[in-house]
Amino acid sequence: MTDNKNLEDNIEEVLEERTEDIEDVQEGNVEDLHEEVEEENVAQEGEMDSLKNNLLRLQADFINYKRRTEQERKDYIELGTKKVLMDLLNIIDNFERALGSETEDRKYKEGVELIYKQMIDLLGRNNVKEMQTENIKFDPNLHHAVLVEEKEGVEEGMIIDVLQKGYLIGEKVLRPAMVKVSK
């Protein structure tokens, strides 16, 4: 019953508003109605512009989010790859020491050489290469000076011995070379 009463009141209210609008038109207040409609249009256009701007911001935020997460994913993969390769370099160092030692078992030595070659090939497939250290000047970005020694006939700052090989991954240093430098 109350719902019917509320409905009747709402209908009467809307009828009164429309009746007033009709009376205004009949009385010549068309200009006032026109101004009201214009004000409503301006308000709606402002709201629409605001919604468009919000949409553009959200799209830009999403694009930035995608770009950032993709970069983070690549960084994590690169970090994991570097960690594994660094561990592998230590194993390769041990293989080089084993190859440098004397043994009478020829087949054993051939087996070690074969495994060593496979590891070096694996590094190559992952864009890892050994640094050139012979007859070059010491570069603190590429080398780690462990010892300094005076040596006749050698220019100061030149690498005179490599204690541990250095490696590059692409153009970046994976592991700096440990070197002895002339004084």
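**Stop 1: a pair in helix H3**

Select Lys117 to begin: its relative accessibility of 49% makes it partly exposed (the class between buried, under 20% relative accessible area, and exposed, over 50%, using a 1.4 Å probe and protein chains only). Before you go further, note that this is a predicted model, where local features need pLDDT of at least 70 and side-chain atom pairs count only at pLDDT 80 or more, while totals for chains, interfaces and linings use all residues. Residues are numbered from 1 along each chain as its sequence is written, and side-chain values use heavy atoms, with hydrogens and water left out.

Lys117 and Asp121 form a salt bridge whose closest N and O atoms are 3.2 Å apart (the term covers a side-chain nitrogen of Lys or Arg within 4 Å of a carboxyl oxygen of Asp or Glu). Both residues belong to helix H3 (residues 106–125), and their spacing of 4 residues is about one turn of the helix. Helices here are DSSP runs of H or I with at least four residues, strands are runs of E with at least two, and both are numbered from the N terminus.

**Stop 2: a link between strands**

Next, select Glu149 and Lys180. Their salt bridge has its closest N and O atoms 3.2 Å apart. It ties together distant parts of the chain, with Glu149 in strand S2 (residues 143–149) and Lys180 in strand S6 (residues 177–182), 31 residues apart. Are these two buried or exposed? Glu149 is partly exposed, at 33% relative accessible area, whereas Lys180 is buried, at 16%.

**Stop 3**

Select Glu78, Lys82 and Lys172 together: salt bridges with shared partners join them into one network. Zoom in on Lys82 and Glu78, where the closest N and O atoms are 3.3 Å apart. The two sit 4 residues apart in helix H2 (residues 30–100), so about one helical turn separates them. Lys82 is partly exposed at 24% relative accessible area, and Glu78 is partly exposed at 34%. Across the whole structure, a search finds 11 salt bridges.

**Stop 4: a nonpolar patch**

Finally, which residues form a nonpolar patch on the surface? Select Val146, Leu147, Leu163 and Met178, which together have about 310 Å² of accessible area, computed by the Shrake-Rupley method with a 1.4 Å probe, counting only the protein chains shown as cover. Patch members have over 30% relative accessible area and no salt bridge; nonpolar side chains (Val, Leu, Ile, Met, Phe, Trp, Tyr) are joined within 5 Å, and like charges within 9 Å. Val146 lies in strand S2 and is partly exposed, at 40%.
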